[in-house]
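Colleague: I would like to go through this structure feature by feature. Please give the general idea each time, then the case at hand.

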Amino acid sequence: MPGFLNLPPELIFQVYCSLDTIGDAYFLSQTCQQTYSIFRRPQSQPKIFEAIIDNIIQEAAPTKAWLEAQFGPGSLWQPTEAELPADLTEEETIKFLLNVGFPAVNLTRMGFNSSDLSISAYKGQALDGRRRRQPTRT
């Protein structure tokens, strides 16, 4: 019966790219010469690492329920489209804020305060806290 090592190198490469940790990729590379040579190829390794990081990020996106369990019910700033800062243009971030929200909390011991997010957005401030420049009309 054909085993894992009978797979073409392209499929073993795809296995690497589906892993969740760089440690797993390292351990797979240590199983035999064939997996090691696929992992060590200069053109493969950066792609493997990038795929693993993408896998981690996709799994790490918190849900609204998880964030509220961590920071308390009602602790999320979930703006409407009209309340989003004008200089916010990254689509994934916009989608996350609209659908999940961001903790609007003051964590004094950690030196983190986002409790005024809704106030800043309401006052027309940019993401860095400065007042947004109003467009000039012609």
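Modeller: Start with the contacts, a contact being heavy atoms within 4.5 Å. Among contacts in the protein with a separation of 6 or more, 49% are between residues 24 or more positions apart. This is a predicted model, in which local features need pLDDT of at least 70, side-chain atom pairs count only at pLDDT 80 or more, and totals for chains, interfaces and linings use all residues. Residues are numbered from 1 along each chain as its sequence is written, and side-chain values use heavy atoms, with hydrogens and water left out.

Colleague: How many helices and strands does the protein have, and how do the elements run from the N terminus on?

Modeller: Both are DSSP runs numbered from the N terminus: helices are H or I with at least four residues, strands E with at least two. The protein has 7 helices and 4 strands, in the order α-α-α-α-α-β-α-β-β-β-α.

Colleague: What share of the residues counts as buried?

Modeller: Buried means under 20% relative accessible area, exposed over 50%, and partly exposed in between, with a 1.4 Å probe and protein chains only. Of the 138 residues, 28% count as buried.

Colleague: Which residues make up the largest nonpolar core?

Modeller: A nonpolar core is a set of buried Ala, Val, Leu, Ile, Met, Phe, Trp, Tyr and Cys residues joined through side-chain atoms within 4.5 Å. The largest has 12 residues: Ile12, Phe13, Tyr16, Cys17, Leu19, Ala25, Leu28, Ile38, Phe39, Ile48, Ala51 and Ile52. At least two residues of this core come from each of α1 (9–17), α2, α3 (33–40) and α4, and α1 gives the most, with 4 residues. Another core, of 5 residues, lies apart from it, with Trp77, Leu84, Ile94 and Leu97 among them.

Colleague: What does Leu19 touch, residues up to four places away in sequence not counted?

Modeller: Leu19 touches Asp24, Ala25, Leu28, Ile52 and Asn55. Asn55 itself is placed in helix α4 (residues 45–60) and is buried, with a relative accessible area of 16%.

Colleague: Ser44 lies in the loop between α3 and α4. Is Ser44 buried or exposed?

Modeller: Ser44 is buried, because its relative accessible area is 3%. Not counting residues up to four places away in sequence, Ser44 touches Phe13 and Ile38. The C-alpha atoms of Ser44 and Phe13 are separated by 7.7 Å, although the two are 31 residues apart along the chain. From the backbone oxygen of Ile38 to a polar atom of the Ser44 side chain is 3.5 Å.

Colleague: How many disulfides does a search of the whole structure find?

Modeller: A disulfide is a pair of cysteine sulfur atoms within 2.5 Å. The search finds 0. Cys17 counts as buried at 13% relative accessibility, whereas Cys32 counts as partly exposed at 22%.

How values were computed
A polar contact is a pair of N or O atoms within 3.5 Å; within protein, one must be able to donate a hydrogen and the other to accept it, and residues adjacent in sequence count only if both atoms are side-chain atoms.
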